[in-house]
Structure formats: C-alpha cells, structure tokens
Number of protein chains: 4
Amino acid sequence: MARTVPFHGIIAYPITPLTPTGEVDLAKLKSLLDRLLASGVHGIAPLGSAGILPYLSDAEREAVAETTVKHVAGRVPTLVGVSALTTERAVHHARYAERVGATAVMLIPMSYWKLTEDEVFRHYRAVADAITIPVMAYNNPATGGVDMRPEFLARLLEIPNVTMVKESAGDVGRMQKLVRLAGDDVAFFNGSNPLALAAFAAGARGWCTAAPNLIPQLTLDLYAAVTKGDLTAARSLYYRQMPLLEFLVAGGLPRTVAAGLELAGFDPGPLRPPLMPLPDVERERLRDILRTLLPN
Amino acid sequence: MARTVPFHGIIAYPITPLTPTGEVDLAKLKSLLDRLLASGVHGIAPLGSAGILPYLSDAEREAVAETTVKHVAGRVPTLVGVSALTTERAVHHARYAERVGATAVMLIPMSYWKLTEDEVFRHYRAVADAITIPVMAYNNPATGGVDMRPEFLARLLEIPNVTMVKESAGDVGRMQKLVRLAGDDVAFFNGSNPLALAAFAAGARGWCTAAPNLIPQLTLDLYAAVTKGDLTAARSLYYRQMPLLEFLVAGGLPRTVAAGLELAGFDPGPLRPPLMPLPDVERERLRDILRTLLPN
Amino acid sequence: MARTVPFHGIIAYPITPLTPTGEVDLAKLKSLLDRLLASGVHGIAPLGSAGILPYLSDAEREAVAETTVKHVAGRVPTLVGVSALTTERAVHHARYAERVGATAVMLIPMSYWKLTEDEVFRHYRAVADAITIPVMAYNNPATGGVDMRPEFLARLLEIPNVTMVKESAGDVGRMQKLVRLAGDDVAFFNGSNPLALAAFAAGARGWCTAAPNLIPQLTLDLYAAVTKGDLTAARSLYYRQMPLLEFLVAGGLPRTVAAGLELAGFDPGPLRPPLMPLPDVERERLRDILRTLLPN
Amino acid sequence: MARTVPFHGIIAYPITPLTPTGEVDLAKLKSLLDRLLASGVHGIAPLGSAGILPYLSDAEREAVAETTVKHVAGRVPTLVGVSALTTERAVHHARYAERVGATAVMLIPMSYWKLTEDEVFRHYRAVADAITIPVMAYNNPATGGVDMRPEFLARLLEIPNVTMVKESAGDVGRMQKLVRLAGDDVAFFNGSNPLALAAFAAGARGWCTAAPNLIPQLTLDLYAAVTKGDLTAARSLYYRQMPLLEFLVAGGLPRTVAAGLELAGFDPGPLRPPLMPLPDVERERLRDILRTLLPN
C-alpha cells in the first residue's frame with residue numbers, strides 16, 4: 001500500500017504575529033505567508049512550536065489554521081499543528097484542520113504527567129482515526145516533554161495514516177535508528193535546525209524549519225545541493241547558515257524569529273507573556289549574523 | 001515585616017474525580033474533601049498536579065476552586081493551583097481563587113518554550129501583584145518543564161506576597177541550599193513524597209502530598225514525630241510508608257491515587273485521556289502495598 | 001550469621017601528603033594521622049578518593065597502607081582503599097592490606113570501559129574471596145565511572161564478607177532504597193558530605209568523610225546528636241558546617257582539603273599533576289568559611 | 001605556519017591480543033597488524049580504547065608501542081595512545097612513543113577527580129612540550145570521564161604541536177561547532193562509529209575506528225565515496241555497516257571486536273578481568289550481523 005507523504009524539501013514554520021495589544025493578527029499572518037510563498041518554500045506549517053501553538057486559545061488556533069490554509073490555497077501543501085494536552089482537544093483540532101482543508105496535521109504528544117507509551121500510542125490512534133488526512137508524528141522532548149524512542153516511532157508508523165515523522169530530539173543517531181527500524185524509505189523529516197546537514201546526509205526527506213522566515217534561499221539551496229548529491233556544496237551552504245541556525249534554537253524560536261523579522265523590516269508585533277522579546281545584546285548579535293547572510 | 005505563611009504540616013492534594021462520562025464530578029469532590037478533612041490534615045490544595053490542573057478547562061478549574069474553598073469553609077486553609085502557560089490566564093485564575101476565598105495560591109511555571117529566569121520572575125510578579133493573598137512558588141521540573149534553582153527561588157521570595165516555596169525536584173540538596181540562601185526560617189514545603197523524611201530533617205514546614213487520599217494517618221504521624229524531634233520514630237514511620245510513596249510517584253499520581261481510592265472503596269471515576277488507568281499488574285502491587293498499611 | 005561491621009560514626013579520610021618534590025611523605029602522613037586520632041574520630045580510611053589512590057603507584061599505595069595501619073596501631077579500625085582498574089591489581093592490594101593488618105578494605109569499581117553488572121559482581125567476588133577481612137562496597141559514579149544501583153548493591157551484600165556499603169552517588173533516595181531492599185539493619189555509610197544530615201536521618205551507620213581533616217569536632221557533634229535522636233540539634237549542627245561541606249565537594253577533595261590544612265597551619269605539600277592547587281580566589285572563600293567554624 | 005596532520009581516511013585501532021594466560025601476545029599483535037595493513041587502511045593506532053590501554057602495565061604499554069611502530073615500519077603512519085592519570089606518566093609514554101618512532105601520539109585526559117579546564121590544558125601542554133611529534137587531542141567523556149567542550153578543544157589547538165582532534169562524544173553538533181570555532185580546515189577526526197556518515201558530512205578528515213578489525217573494506221569504501229563527494233553512495237554504504245557499528249559500541253569495543261575476530265577465525269585470546277567475553281546471546285547476534293556483511 002502506498003503511503004501518502006505530501007511533503008518534501010523545505011517546510012516553513014511561520015510564527016504567529018500579534019497585534020500591539022496582543023491579539024492574533026491575521027492580516028499580518030497573511031502577509032508573512034506571502035513572503036514565505038514568494039520565497040519558494042515547499043510547504044507551510046502553521047501552529048508549530050514557532051507559531052506558539054500552546055499559548056493560543058482554541059478560537060485563536062482555529063482562526064490561524066483556517067486563515068493559513070485558505071490563504072495558501074493549495075499553492076503548496078499545508079501541515080497544521082493540532083497538539084493538545086487532552087486527547088479530546090487534539091481530536092477536535094485535527095477534525096477542524098481537515099474540515100478547513102489542511103493537507104496533513106502534525107501532532108506532538110504534550111505532557112504534564114509523564115505518559116506511558118501505551119497512552120501516547122492511543123492518543124495518536126485516536127487523532128488519526130478521527131481524520132482521513134495524513135498525520136506527522138513529531139518528537140521534541142525539549143518542548144513537549146515526551147521522548148518517543150525510534151522503536152516507538154516505528155510502531156506509530158503502523159497506524160495507517162500516520163505516515164511521517166518529524167524528529168527534533170537533536171540527535172542524528174535517532175534518525176539513523178529510525179531508518180534502520182522502519183526501512184530505507186521511511187518518510188522522516190528533520191526538525192532540529194543545527195542538524196540540517198547531518199539529517200539530509202542520513203536521508204531526511206525534508207527540513208521542518210522556521211529559518212525561512214529569515215533566510216529562505218539558503219535553506220532552499222541546501223536542499224537543492226543535497227538532492228543533487230553534492231556533498232561539498234551542501235557542506236559549504238550548511239556552514240554558512242549554521243551560526244544563524246544555532247542562534248535561532250539557542251534563543252527560542254518565537255523570540256529569535258520575531259527579532260529577526262523585525263530586523264528585516266517586518267514587524268511581527270509583541271510576544272505573549274511570559275515570553276518576552278529577545279534581550280538587546282542578543283538582538284545585536286542576531287543583527288551581525290544576519291548581516292553576513294543577507295543581500296543588502 | 002512578618003511574612004504570611006498560613007500552612008504547616010500535612011497539606012493534602014485531592015485528585016479531581018470525574019463522572020463516568022468524563023465530566024468533573026463536584027459531588028464526589030466534596031465527598032473526597034470530607035474524607036480528607038475527617039482525617040485531620042492541616043490544609044487542602046485543590047488543582048495541584050494530582051488534581052490534573054493542566055487537563056481541565058478554565059470553567060472546570062473555576063468550578064473545582066470554588067467548590068473546594070466553599071466546602072472546606074475555613075476549617076483548614078486552602079491552597080489553590082492557578083498555573084497556566086500564559087501569564088494572562090494565570091493572573092485570571094489567581095484573581096478567581098482570591099475572589100472565592102482561597103487562603104493562598106500555588107503557582108508552577110509551565111513551559112513549552114524554555115523560559116528565561118527573567119521571564120519566570122515577571123510571570124510570578126504579575127500574578128503576585130494581581131492578588132493580595134500569599135503565593136507558594138512551586139518547583140517541579142519533571143512536570144512543569146522549568147527548573148528553578150535555589151538561588152532563583154530565593155529571589156522570588158523577595159516578592160512581598162511570594163512567601164512560600166514547594167520544592168519537588170526530588171533532591172534534598174536543593175532544599176538545603178534554599179535554607180542556606182534564604183535563611184533558617186524560610187518557609188519551604190516538600191513536594192517529593194519519597195523525600196518526606198529527608199525534607200523534614202532538613203527543616204521543611206510541611207509536606208504537600210496526595211498520599212493522604214490513601215494513608216492520611218501515617219503522614220500525620222510522621223509529621224508529629226518530626227515536630228517532637230523524635231528521629232527514631234520518624235524514621236520508622238517513614239520506612240513503613242515508603243513503598244507506597246515510591247509507588248505513587250513512579251506510576252504518576254492521577255493513576256495511582258485513583259486506583260488506590262478505588263481499592264479503598266471510593267470510586268473516583270475514569271481518568272481523562274491520554275491518561276489511562278493503572279495497568280492491572282500494578283494495581284495488584286498497589287493492593288499488596290496498601291494491605292500492609294491499612295487497618296482492615 | 002552475624003555480619004562483621006567494624007565501623008560506625010565518623011570515618012576520617014586523610015589526604016596523602018607529598019614532599020616538595022612530589023614524593024609521598026610518610027612522615028607527614030603520620031603527623032596527619034596523629035591529628036585525626038587526637039580529634040576522636042571513630043575510624044581511619046587511607047587511600048580513599050581524598051587520598052588520591054588512583055594517582056599513586058603500586059609501591060606508593062603499599063607504603064601508605066602499611067604506614068597507616070601500623071601507625072594507627074589498632075586505636076581505631078582502619079579501612080584501606082584497594083581499588084584498581086584490573087581485578088588482578090585489586091586482589092593484590094586487598095591481600096596486601098590484610099597482610100599489614102587492615103581492619104577492612106574499601107573497593108570502588110573503576111571503569112574505563114563501562115562494566116556490566118556481571119563483570120562488577122565478579123570483580124567484587126574475586127577480591128572478597130582473596131581475603132578474610134570485610135569489604136566495603138563503594139559507589140561513586142562521579143569518580144569511578146560505574147553506577148551501582150541499590151538492587152545491585154543489595155546483591156553484592158550477599159557475598160559473605162562484603163558487609164558494608166558506602167554510598168556517594170549524592171542521592172538520599174538511593175540509600176533509602178538500599179534499606180528497603182536489604183533490610184533495616186543494612187550497614188550503609190554515607191560518602192556524600194552535603195547529605196550528612198539526610199543520610200543519618202535515613203539510618204546511615206556512619207559518615208565516610210575527609211571533613212575531619214579540617215573540622216573533626218563538628219562532624220563528631222553531628223553524629224552524637226543523631227545517636228541521641230535529637231533532630232533539632234542535628235539540624236543546627238548540619239547547617240553550621242554545610243557551607244564547608246559543599247565547598248569541599250565542589251572544589252574536589254584533594255585541592256580543598258590540602259588548602260584547608262595549609263590554612264590551618266599544616267602544610268600537606270604540593271598536589272600531583274594534573275591536579276593543581278586551589279585557585280587563590282577559592283582559597284580566600286575557604287578561609288572565610290573556616291573562620292566562621294574554627295576556634296581561633 | 002603549516003600544521004602537521006599526518007593522518008587521513010581510515011585509522012585502524014587494533015585490539016591488544018592476550019595469551020591464554022593473560023599476557024600481552026606480541027606475536028599475535030603483529031599478525032593482527034598484518035591483516036590491517038593488508039586491508040589498505042590509512043593509519044594504525046595502537047593503545048587506544050580498543051587496545052585496552054588503561055588496563056596495561058607500563059611495561060606492557062611500551063612493548064605494544066614499540067612492537068607496533070617497528071612492525072608497521074612506516075608503511076602507514078602510526079598514532080600511539082599515551083594517556084595516563086598523572087601528567088608524569090603521560091609524558092613518560094609520549095617520550096617513549098617518539099623514541100620508538102611513532103608518527104604522532106593520541107592523548108585523552110583521564111579523570112578520577114574531575115579536572116578543571118586549566119588542569120587539562122596544562123596536562124596537554126606538558127605532554128606536547130615534551131615531544132616534537134604531533135599530538136591528537138582525544139575527547140571521549142564516556143570512557144575518560146572528562147568532557148572537553150568545542151571551545152576548549154579549539155584552545156588546545158593553539159598549542160603548536162597539538163594539531164588534531166578526535167571527537168568521540170557521540171554528538172555531531174560538537175564537531176560542527178569545532179569547525180565553526182577553529183576554522184573550515186580544522187583537522188578533526190571522528191571517533192564515534194555510529195556517526196561515521198554524519199561526521200564525514202560535517203567535514204571530518206578521517207575516522208578513528210576499530211571496525212577495520214572486522215570490516216576494513218566497508219570502512220574504506222565509505223571514505224572513498226565521501227572523498228568523491230558522492231552522498232548517495234556514502235549513505236548506502238553507511239546504512240549497510242550501521243548495524244555492526246552500533247553493535248560494536250553498545251557492547252564495548254574490547255568485547256565485541258574480540259568476539260568478531262574469533263568468529264572470523266582469528267583468536268585474540270581472553271579478555272583481562274574485570275572485562276569478560278561477550279555473552280553468548282550477543283555473540284550470536286554478532287554472527288548474524290557479520291554474515292550479512294562479509295564475503296564467505
């Protein structure tokens with residue numbers, strides 16, 4: 001049976017812009033989507049970690065999901081984050097995403113109480129069973145608090161419409177083990193920016209990243225070098241963007257991407273407390289890094 | 001300036017019972033509160049981790065807070081959990097708790113994106129400034145995802161109405177450091193069940209625990225031995241209940257306390273998915289442990 | 001069968017003094033032993049971590065073992081460290097210790113390659129079988145590189161002359177688990193200075209410590225308070241010496257104890273490279289801490 | 001100033017064969033060296049972790065160093081491990097290695113007491129200053145117990161004849177950071193077998209590995225694919241040998257390589273206790289893995 005994997009290449013994660021008073025700014029979101037689409041990225045993923053999914057109300061999440069999918073309008077596939085602490089809410093948001101036309105949904109198991117693998121499995125199955133579009137299983141223990149082993153991810157892929165894995169644990173060995181366990185053609189995507197090169201070398205089909213908010217062309221060029229099998233060019237492109245990739249992760253995506261957009265002339269509005277803007281000294285470092293990367 | 005510390009001894013954390021269809025069961029909550037009050041515990045803390053705070057909707061949280069405070073009716077002080085991912089929601093719930101008459105609120109910084117200490121500090125100050133009742137700062141990196149160092153906890157205690165710390169990191173060294181940094185009379189409470197004895201030895205004023213749902217008398221006896229300075233009796237009482245304390249933590253409080261209540265003849269209803277009931281084999285172990293501890 | 005446990009209370013770990021040219025200084029070692037014996041400690045343990053056992057040649061180790069045992073001359077029991085990377089060398093040193101009259105030997109499994117539990121068990125059995133005096137199993141993953149779980153330590157105690165455990169993992173929960181697994185009367189000793197109070201509360205028979213090189217009376221007073229079951233006095237004594245205990249561990253025993261001895265007028269000679277003397281700024285902090293603790 | 005980097009490609013780490021009675025077997029060592037040289041590896045590194053350096057006496061180490069260098073006789077460069085707990089012994093072995101004609105020495109900081117960066121730096125400088133041949137700094141916290149950050153490794157490379165780094169921390173991000181800090185042409189080598197592909201992608205000049213004891217051709221083919229810049233071929237070659245690479249590391253090199261050699265018809269003799277032979281069930285798994293990789 002062919003498994004549906006509607007993504008490849010650079011999957012861009014827009015942040016969620018806010019108005020000066022802290023409401024979700026849908027007009028600015030559309031403008032950010034236009035920038036991303038114009039850059040040529042291969043997919044758009046609203047409501048990811050960069051999109052501050054967990055900090056939004058249900059109504060805000062629905063507005064962002066619907067606005068994004070409608071605005072992208074099929075030009076590239078869309079991947080909507082639908083995670084929630086309770087299974088009931090995750091199912092709700094997955095159904096909503098399908099209803100408004102998302103290509104697929106992304107689901108990270110969020111935890112307060114540590115979940116057993118059985119609980120995580122049932123959570124995924126409940127969400128997957130509630131929809132007909134594909135599900136990307138997202139592993140990011142540093143944010144979600146649950147660490148899914150490669151063995152468990154391989155098991156999740158046995159659920160018919162769980163067809164993709166996004167691995168953000170920050171260890172390329174995890175990705176390699178997934179390939180060994182789930183087969184050479186397993187559809188895994190890299191979610192750890194500093195591992196962009198290593199993950200592609202290991203066979204990642206794509207790179208789920210907020211970096212295109214700031215440097216879309218460099219991320220696309222790296223993917224192109226990899227698809228050509230040109231290791232030397234890929235390495236050179238990677239090391240050029242590496243300082244930015246490390247900076248984005250170290251400072252937290254919502255803070256660093258917002259600061260970078262502002263430096264690039266696009267004001268994304270304030271952050272939602274407790275998240276605060278990037279401190280000035282780090283903003284200056286970001287300015288220096290961007291200056292070496294961007295055409296002026 | 002005298003600092004308000006309205007708690008000491010055994011502060012009991014009720015779970016949040018659900019109806020067979022998964023709604024919050026306020027009638028059963030009152031019944032559980034009656035059991036706890038009858039046992040003689042020194043305080044009641046709804047909406048803690050055991051009370052599955054993060055898995056409840058805003059309306060459910062408000063209902064549990066109001067019902068608990070009104071039902072306890074001042075017989076012992078109440079400590080209402082008010083944590084939320086966003087500062088705005090935490091402030092909302094803190095104000096609600098004060099309005100319905102809570103003695104104090106408990107606040108754990110929850111994270112998706114790792115928070116800086118500055119962000120956590122502002123979060124605490126915003127909540128503390130919004131109310132006039134005392135705040136207990138709650139450190140539990142395993143659930144909340146934020147680890148507050150003793151140095152930082154000492155800094156939080158400089159906010160006027162942040163008067164108490166609950167330390168659940170599971171390391172008695174943390175508590176000792178807090179005493180060294182914040183002074184001999186710092187009002188710290190132990191939130192790590194297996195450290196009950198070590199924390200009292202280190203000077204904890206009380207023990208925040210869900211164990212009284214199952215073994216209230218043993219927890220009270222341990223506290224009494226400690227207040228008498230009787231180390232030998234305290235040690236003996238600790239080792240008697242230790243297997244249960246370790247079991248409760250290892251299996252996750254909502255699962256293990258619910259199973260224990262059911263074994264004791266009090267049906268707390270189902271868990272809220274993704275949380276699932278304790279597996280049968282562990283339930284049998286719990287039955288064996290309880291059998292050695294409870295009068296028949 | 002009664003198990004031989006020849007230690008209790010404060011077991012003092014002398015450092016190994018060196019001459020100005022870096023040789024082992026046996027005369028000064030005797031002088032340090034005299035200080036410790038005069039202070040009233042309950043046991044003497046040469047060639048521990050503080051005694052830089054792993055940095056000494058076989059001949060140096062033998063000289064320190066023999067000199068110590070002969071000089072103590074039965075006034076208190078002696079516990080000689082006999083650890084080595086290879087089983088053959090550990091057996092050699094254990095036999096040597098017995099031959100020169102040691103009361104017991106202490107054995108920490110040292111690792112370069114991670115050892116399996118089976119390998120560690122055989123290592124202990126080989127050493128224990130080679131001698132007739134008791135063996136203290138010493139767990140200190142931070143130095144030795146092997147972490148022995150409480151379950152495994154309980155198994156080691158089934159070897160007839162492995163009669164004692166020294167637990168230095170820095171987690172009082174480990175000690176408590178050992179008591180639960182091996183019985184209330186298990187002879188465990190605390191090797192983690194900052195856990196002195198918590199370990200005694202948990203039932204430790206003694207405290208293996210280098211602190212008596214600097215503050216023998218405070219360590220003896222803490223033990224006396226504990227044996228009287230006086231928790232309040234024990235807590236007060238603990239917090240008084242806690243800053244020093246934390247300092248000793250944080251800076252590494254050979255460096256901090258040597259600096260402290262020098263500040264107290266006893267010159268222990270240089271350290272053996274790569275170990276270097278305590279940096280000046282830390283030495284000043286140590287001076288400040290000692291000033292608050294010592295009579296002048 | 002040109003820096004001397006006499007290695008590239010596959011640097012093979014022979015194990016140290018023992019006689020049936022547990023002595024170092026120099027005749028068998030020569031035979032193993034002949035196998036490795038015949039396979040075409042680009043360098044030979046005796047007395048590495050696989051060569052159980054820390055478990056050998058000084059005399060044994062000298063015999064292995066001299067025998068290896070003389071037997072290789074310049075056909076490929078030799079890299080002799082000279083690590084020791086004390087600086088004095090490391091200097092001794094480094095001088096010995098130079099005297100018998102080694103091309104370079106490898107030095108891992110070994111620890112019992114945690115070393116400060118200052119202590120580690122002086123240790124390296126003392127050894128480097130004592131010889132004129134190049135030094136490879138070897139980072140392997142899992143065995144040596146010291147973790148050298150990329151920032152520190154870059155600092156070590158400022159010592160004139162410390163010209164190479166072997167990174168075995170198991171994190172490709174470390175290697176990438178070293179490149180960013182020390183420049184594109186930094187001579188770093190991969191010492192983590194499961195990271196062979198990722199490290200070459202990141203720019204490693206070579207792979208320090210015991211795998212050629214068992215599968216020399218596959219390691220050489222991977223390096224050839226990388227030097228051609230052929231990512232697709234490199235990936236395919238990597239995944240073919242990955243199960244063996246993971247197996248070697250998981251079971252510990254001395255055990256797994258010895259078992260593999262025996263399965264391949266070369267009896268390396270017993271292990272030195274506490275190290276024990278690979279358990280039978282794992283030996284069968286190794287047989288299965290090797291069967292898929294080796295011509296019959």
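**Helix packing and chain pairing in a predicted model**

Good morning. The crossing of helix 10 of chain B with helix 12 of chain B is left-handed, meaning that the near helix is turned anticlockwise from the far one by less than a right angle. Helices here are DSSP runs (H or I, at least four residues), numbered from the N terminus.

This is a predicted model, in which local features need pLDDT of at least 70 and side-chain atom pairs count only at pLDDT 80 or more, while totals for chains, interfaces and linings use all residues. Residues are numbered from 1 along each chain as its sequence is written, and chains are lettered from A and ligands numbered from 1 in the order in which they are written.

I turn now to the two chains. In all, 23 residues of chain A are in contact with 24 residues of chain B, contact meaning C-beta atoms, placed from the backbone, within 7 Å. Helix 4 of chain A (residues 117-129) gives the most to chain A's side, with five residues.

A rotation of 180° with 0.0 Å of shift along its axis superposes chain A on chain B, with RMSD 0.0 Å, by least squares on C-alpha atoms of residues with pLDDT of at least 70 in both. The two copies are thus related as by a two-fold rotation axis.

How values were computed
Helix = DSSP H or I, 4+ residues; strand = E, 2+ residues; numbered from the N terminus. Contact = placed C-beta atoms within 7 Å.
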